[in-house]
Amino acid sequence: MAERIHEILIVTKNADDTPHIAPMGLRQRGKHWLIAPFRPSRTLDNLLRERQASINTIDDVRVYAGCLSGRRDWPTVICEHIDGYRLRDALSHREIDVEHIDDDGVRPQFLCRSLHLANHRPFAGYNRAQSAVLELAILVSRLNRLPMNKIDAEIAYLQIAIDKTAGAEELEAWEWLMQRVQEYRARACA
């Protein structure tokens with residue numbers, strides 16, 4: 001059976017005390033949470049230095065798309081139990097600290113314990129367009145690791161949900177991500 005991965009937004013603290021927001025797949029290991037950022041990444045650097053972060057769930061998929069398209073300026077607030085930040089508009093957030101690091105040349109693993117969990121408002125569920133944006137965000141994060149024909153096939157399928165169920169926020173997020181795909185395609189064909 002495949003391991004369950006939760007798509008979340010992690011907020012770490014930069015060296016200059018500003019928040020850094022990044023989409024990430026999170027795995028649960030019993031009472032612990034496993035974070036495995038690829039090298040190189042600012043999230044990795046921040047976790048190594050600070051050893052704390054917040055894990056955020058949100059229903060505005062523009063935040064995921066924004067982080068992958070250079071739009072990282074989303075409102076944050078100070079955490080309650082760690083020296084860090086969380087997304088202001090999070091549905092929920094979990095404050096964690098690193099207990100153990102398994103170093104790896106490609107993708108170190110951080111085993112973290114939860115210090116605090118807060119629910120801020122209920123989750124109504126994703127519509128199909130929001131799910132499509134999340135899937136496209138995952139594709140965009142892997143553009144350099146997937147063949148273009150697979151990316152094109154996935155986009156064609158996801159476009160159906162966008163055409164049928166997208167509202168203004170989903171359309172905006174989709175546009176941001178598609179711009180990244182087009183930029184990648186242009187560089188790959190040059």
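**Exercise 1.** Classify Gln-179 by exposure: buried, partly exposed or exposed?

*Solution.* Start with the cut-offs: buried is under 20% relative accessible area, exposed over 50%, partly exposed in between (1.4 Å probe, protein chains only). Gln-179 has a relative accessible area of 37%. Gln-179 is therefore partly exposed. Now place the residue: Gln-179 sits in helix H5 (residues 168-189). Helices (H or I, at least four residues) and strands (E, at least two) are DSSP runs, numbered from the N terminus.

The model is predicted: local features need pLDDT of at least 70, side-chain atom pairs count only at pLDDT 80 or more, and totals for chains, interfaces and linings use all residues. Residues are numbered from 1 along each chain as its sequence is written, and side-chain values use heavy atoms, with hydrogens and water left out.

**Exercise 2.** Trace the strand order of the closed barrel.

*Solution.* Six strands run S1-S2-S3-S8-S7-S4, with antiparallel pairing. Two strands pair if DSSP finds at least two bridges between them.

**Exercise 3.** Find which residues of H1 are buried, and what covers them.

*Solution.* The buried residues of H1 are Thr-43, Leu-44, Asn-46 and Leu-47. Seen down the axis of H1, they fall within an arc of 165 degrees (directions from the helix axis to the C-beta atoms), so they line one face of the helix. Their cover includes S1, S2, S3, S4, S7 and S8. Finish at the helix end: just after H1, Arg-51 takes a positive phi of about 60 degrees.

How values were computed:
Contact means heavy atoms within 4.5 Å.
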